[in-house]
Amino acid sequence: MSQTLYERLGGKTAITAVINDFVARCAADARINRKFARTDIARLKSSLIDQVCEATGGPCTYAGRDMRTTHDGMSVTAGEFDALVADLVATLDRFSVPDAEKGELLSALAPMRADIVEVESSTTGTPLPDGYVNAPPLAGATR
């Protein structure tokens, strides 16, 4: 039996390391970091780990909001989406993820573009609109 992409990527430990690097890379990227100005970073990391784990055939279950709901009103541009993908590729390269697995992961995530990009423009570095409402606290989370 062939291994799942999750297994070939190294499982949850490897995915967690990649997500930690990716989130830090996004935070340092002036092309996109203004969109994360009010983001709960711990929640973001946890959600991304579960989302990538599930999308690659792992045992996790992503329980966050769907991508359209999450990004509705953020005014994410095509340029910002492309910058985020470039940051993900740079992180995958840093971890020496083989081209086949990198391509498979990017293909699994690519359909999300339609639910994330609201502005077909190459502009980057735009602010998060004042009216954007972040996700509510996770069920059972304490403040």
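First, the ground rules. Residues are numbered from 1 along each chain as its sequence is written, and side-chain values use heavy atoms, with hydrogens and water left out. Because the model is predicted, local features need pLDDT of at least 70 and side-chain atom pairs count only at pLDDT 80 or more, while totals for chains, interfaces and linings use all residues.

Now the terms. Helices are DSSP runs of H or I with at least four residues, and strands are runs of E with at least two; both are numbered from the N terminus. An axis is a line fitted to C-alpha atoms, for helices over the stretch in contact, and angles run from 0 to 180 degrees between N-to-C directions.

Start with H2, residues 11-27, and H3, residues 41-55. How do their axes cross? They come within 9 Å and cross at roughly 135 degrees. That makes H2 oblique to H3. Here is the scale: under 35 degrees is roughly parallel, over 145 roughly antiparallel, 65 to 115 roughly perpendicular, and the rest oblique. The crossing of H2 and H3 is right-handed.

Which residues touch? Contact means heavy atoms within 4.5 Å. From H2, the residues include Ile15, Ile19 and Phe22; from H3, they include Leu44, Leu48 and Val52. The contact of H2 with H3 holds ten nonpolar, two polar and three charged residues. For the classes, nonpolar is Ala, Val, Leu, Ile, Met, Phe, Trp, Tyr, Cys and Pro; charged is Asp, Glu, Lys and Arg; the others, Gly among them, are polar.

Next, H2 with H5, residues 78-94. Their axes are 9 Å apart, at about 135 degrees. H2 and H5 are therefore oblique to each other. This crossing is right-handed. Phe22 and Arg25 are among the H2 residues here, and Leu88 and Arg94 among those of H5.

Last pair: H5 and H6, residues 99-109. Their axes come within 11 Å and cross at roughly 155 degrees. H5 and H6 are therefore roughly antiparallel. H5 meets H6 through residues including Leu88 and Leu92, with Leu105 and Leu109 among the partners. Seven are nonpolar, none polar and two charged.

One side-chain detail. Where does the charged end of Arg94 sit? Over the ring of Phe95, 5.3 Å from its centre. The rule: NZ of Lys or CZ of Arg within 6 Å of the ring centre and within 35 degrees of the ring normal.

Conventions:
Left-handed = near helix turned anticlockwise from the far one by under 90°.
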